Amino acid sequence: MWERTLQDLIRGLRANKNDESKFIGQAMDEIRREIKSKDMALKAGAVMKLTYLDMLGYDMSWASFHIVEVMSSPKIHIKSVGYLGAVQSFNEDTDVLMLTTNLLKKDLSSTPADIAVTLNGVSSIMTADLARDLSPELVGMLNHSRPHIRKRAVAAMYRVFQKYPDALHHGIGRLQEKLEDSDPGVVCATVNVLCELARRNPQDYLPLAPQLFHLLTTSSNNWMLIKIVKLFGSLSPHEPRLVKKLQPPITDLISTTSAISLLYECVHTCIIGNMLQGITGDSLARTCVSKLAAFIEDPDQNLKYIALLAMVKIVPTHPHLVAEHQNTILSSVDDEDISIRMRALDLLSALVNRDNLQSIVQQVLSHLVKPESFAIPSAVQSLSQHIIPSAPAKSPGAPSQSTAYRLVLSQRIMTMCSQNTYDNVADFEWYLSVLVDLAYVSNVDIGTQIRDQLVDVVGRVRAARSYAVKLMVKVLSDDTFLLHAGEQGSCSEVLWAAAWICGEYCNELSAPDELIPYLLQPEIASLRPDITAVCIQSATKLFGYWASEAAKQWTESFLEDLKRAVDIMIEQMEQFASSTQIEVQERAANLLQLLIFIKRDVAMYKPKQENGFTDPSAAAFDPVLEPSFPKSLYLIQPLFSSHELNPVASIAQASVPVPDGLDLDAWIVPSMQDRVAEEGDDGDVTERKIKRNKKGKEKESASRTKVKSGKKKQKEEGYREELAPQEEETAEEKAERERRKAERLERMRDDPYYIMDDRPQKPPAEDVDSIPVVRLDGPLPLPKEEPRLPGLRSSASMRSPPPSFVVEREGEMPAGAVITPQLLTPVPSSRRQTPNPFDVTTTPPPPLPSFQSYEIPDDELRTSTPEPIKVTRAKKKGTSTAKKKRTVKPKAGDEGTVVIH
């Protein structure tokens with residue numbers, strides 16, 4: 001009579017917070033005694049206390065048998081405690097569950113109160129065996145006279161179908177009848193169960209569409225309508241005729257309902273159910289987009305988030321409708337919630353096209369510009385702020401300036417512009433300016449991506465090279481990147497691209513000698529080694545181009561300028577040649593030796609008084625007469641101008657044709673294949689002999705012979721190994737060794753990796769191991785190509801600028817390329833090019849005022865607006881669906897082609 005109740009246990013826990021474990025230990029001892037009592041009420045009280053302690057983390061699985069005893073009580077209040085303990089502690093591995101089958105069947109045939117308690121509990125402790133054994137009783141409960149029993153039975157049937165799918169065959173029909181039940185609660189429960197079941201196999205529930213459609217048009221229960229709309233969203237992709245039938249009622253719901261949850265579910269179902277196609281679908285899509293735009297303007301952050309997610313799914317089919325709300329979407333980029341900003345960026349990336357690219361990029365780029373600092377407060381304002389502290393004022397429209405967010409913004413800008421191989425870029429000069437702006441304002445580590453984009457654009461778009469060179473000259477002449485090169489987010493990698501572009505396309509420069517001091521200034525040595533090496537290599541190209549141009553227009557007044565330029569470069573190269581970086585040191589040393597050769601040649605040069613030539617360029621290639629300028633002026637330029645760098649198709653390497661008669665799977669040296677097979681056989685024999693080593697002296701001797709042979713073969717392959725002392729070989733063993741030696745020599749005769757001595761000589765007295773073996777690790781030498789004579793380049797004044805930008809998307813293919821079906825991988829529909837995007841003649845958009853244009857001298861500015869862009873593609877060779885990838889940074893100074901892989 002003095003047992004503690006659940007209330008006493010809770011009060012004791014609160015009173016013993018300092019020594020809770022001791023109190024709980026005492027309470028558990030009391031519970032163990034009480035739960036073994038024959039008094040069912042006392043046993044139920046102990047189960048209640050155990051259930052409470054289980055919620056605090058203490059184990060109660062040891063009392064599972066006693067819980068079953070409480071479940072079997074005929075009193076409803078005690079039975080409810082037993083089922084509560086079972087729900088709390090039972091799982092599929094509980095042993096006593098097999099004892100509850102008959103108990104559950106008995107309770108399901110008892111009073112309505114017992115049935116209700118049993119149905120509530122059995123849904124939580126259902127196993128595969130219980131589902132199989134109880135499915136007939138539960139199906140029978142679906143026709144119970146009381147609605148609350150039918151509703152609980154419907155919910156329990158879902159657990160039966162989960163654990164025992166075979167019950168669907170005889171239970172789904174009875175469940176379908178509950179859609180027409182007189183009680184709304186039973187109908188709502190049935191719709192919930194069907195909605196969950198249809199997620200796995202929607203096509204199996206298409207016969208329920210008429211009844212569900214009737215409920216959709218007649219019910220006023222918003223929660224049930226949400227489930228029905230979800231269910232139709234799963235069924236519509238499998239039955240196209242449902243789309244036309246569902247459009248009117250769903251349009252009516254979207255237009256009239258005030259429930260936001262139901263409204264969003266209708267919009268989402270229209271998107272995933274392919275209901276936005278056709279004439280009627282366009283009007284429905286416009287309605288959906290307008291509703292979602294209202295969600296974006298709503299102050300509720302959850303509505304903004306789901307609206308942006310839904311709009312991303314509408315953009316592929318109706319981009320023009322979403323584009324009408326571009327300003328509303330852009331305003332979400334300023335939101336304080338980072339998740340909403342990220343979803344807005346996803347939507348902008350999907351929304352971008354050829355017409356709105358510049359405006360979207362310019363507005364996104366403006367978010368990277370840090371807000372201007374406020375004016376310095378006065379003394380009174382400073383004192384007032386200390387007396388009454390307040391939160392710092394935030395600049396209106398300024399999003400978070402976190403490094404991670406700025407990095408995402410920068411990456412999205414380049415992704416929007418470069419997708420589908422710059423398909424959306426109309427003005428590549430604008431894009432080059434955007435990349436340089438991004439390098440200045442991003443303040444994150446995005447320099448490598450900007451460098452790759454600059455090199456890729458200039459390599460693909462010939463018409464943009466002239467502007468790119470002028471822009472890169474301004475980047476090199478600005479010391480911003482040099483001063484902040486060691487800081488995080490300085491984007492100093494842009495100097496790599498600037499130096500490479502100016503060196504590779506130096507023919508676009510009017511005075512290349514003026515750029516060389518910027519490339520070789522002492523501060524360049526503090527940059528990363530790869531940037532310094534590119535600067536040295538580009539300076540080499542610029543000097544070679546300037547020297548060759550000087551040779552074409554040679555006059556005696558150039559001699560002193562040439563000597564001065566060579567002396568300055570030698571002085572600068574001597575500093576770089578002592579660098580601790582091997583790449584910088586090697587390139588500087590190579591250029592230094594070339595400059596020393598040029599200096600000696602210029603010092604030995606004597607002006608010709610009368611050479612009979614008025615055109616120095618003509619005398620340069622006369623086979624008889626000496627030129628009127630130092631010959632070494634043409635020493636460097638041919639090293640870099642022999643081949644033009646062009647993009648290469650992504651499948652070019654795999655498309656190289658295999659020559660006739662070449663089998664790539666065959667052995668180059670057939671004797672090597674025989675040797676490998678023989679060595680494998682010898683190894684098996686050796687292993688087999690060693691296993692039988694204990695069966696007699698004869699087998700031991702044979703095993704010793706095989707082991708010796710194996711050691712000799714290892715020495716033939718170049719392995720060093722200490723040989724164990726060997727016994728004197730017999731005549732038979734010596735004859736066997738000589739025979740194997742003769743076979744090996746005959747086999748080695750055709751082996752190119754083995755040097756044979758064909759001179760007649762006496763039989764060698766040495767062992768086989770003394771035969772010299774030479775391994776050729778490198779490839780065989782190839783015949784050298786004849787050097788090409790440097791050709792005369794046409795004057796820059798004779799070149800006319802191209803009328804439009806042409807993007808080389810396909811890339812070069814090798815001669816006689818063979819396209820195999822494996823190489824033609826289809827491109828996802830989201831990346832396919834839009835049909836005829838360049839045939840539309842539009843006026844170029846006006847310059848945006850957010851960023852000022854770069855100042856270019858008047859003589860270098862374009863005289864007119866570029867004509868509309870027209871992309872001309874090379875003749876397709878089955879590579880139009882090949883996946884394009886980004887350009888890999890070429891090694892500075894390496895001539896050839898830029899590989900796009």
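Reader: What does Gly121 touch, not counting residues up to four places away in sequence?

Author: Gly121 touches Tyr83 and Val87, where contact means heavy atoms within 4.5 Å. This is a predicted model, in which local features need pLDDT of at least 70 and side-chain atom pairs count only at pLDDT 80 or more, while totals for chains, interfaces and linings use all residues. Residues are numbered from 1 along each chain as its sequence is written, and side-chain values use heavy atoms, with hydrogens and water left out.

Reader: Why does Gly121 count as buried?

Author: Buried means under 20% relative accessible area, exposed means over 50%, and partly exposed lies in between (1.4 Å probe, protein chains only). Gly121 has 3% relative accessibility, so Gly121 counts as buried. Gly121 belongs to helix α7 (residues 112–122); helices are DSSP runs (H or I, at least four residues), numbered from the N terminus.

Reader: How far apart are Gly121 and Ala156 in sequence and in space?

Author: They are 35 residues apart in sequence, and their C-alpha atoms are 9.3 Å apart in space.

Reader: Let's turn to another helix. What makes the length of α30 agree with its number of residues?

Author: The expected span of a helix is 1.5 Å times one less than its number of residues. Helix α30 (residues 529–552) has 24 residues and should therefore span 34 Å; its end C-alpha atoms are 35 Å apart, which agrees. Helix α30 is also mostly covered, with 22 of its 24 residues buried.

Reader: How do you know that the length of α16 agrees too?

Author: Helix α16 (residues 278–297) has 20 residues, so it should span 28 Å, and its end C-alpha atoms are 29 Å apart, which agrees. Among the buried residues of α16 are Leu284, Cys288, Leu292 and Phe295. The cover over the buried residues of α16 includes α14 (241–256), α15 (260–272) and α17 (301–314).

Reader: Which residues touch the most other members of the largest nonpolar core?

Author: A nonpolar core is a set of buried Ala, Val, Leu, Ile, Met, Phe, Trp, Tyr and Cys residues joined through side-chain atoms within 4.5 Å. In the largest one, with 221 residues, Tyr431 and Phe543 touch the most other members. Helix α30 gives the most to this core, with 12 residues. Not counting residues up to four places away in sequence, the residues that Tyr431 touches include Met414, Tyr422 and Val457.

Reader: Tyr422 has come up again. Why does Tyr422 count as buried?

Author: Tyr422 has 2% relative accessibility, so Tyr422 counts as buried. Tyr422 lies in helix α23, and its phi is near 60°, a positive value in a residue other than glycine. Thr421 lies in helix α23 (residues 403–422) as well. Thr421 has a positive phi of about 55° although it is not a glycine.

Reader: How do α2 and α3 pack?

Author: Helix α2 (residues 20–35) and helix α3 (residues 40–55) pack at an angle of about 145°, with their axes 8 Å apart. Axes are lines fitted to C-alpha atoms, for helices over the stretch in contact, and angles run from 0 to 180 degrees between N-to-C directions. Residues that meet in this contact include Met28 and Ile31 in α2, and Leu42 and Ala46 in α3.

Reader: And how do the axes of α1 and α3 cross?

Author: The axes of helix α1 (residues 6–15) and α3 come within 9 Å and cross at roughly 35°.

Methods. Helices (H or I, at least four residues) and strands (E, at least two) are DSSP runs, numbered from the N terminus.
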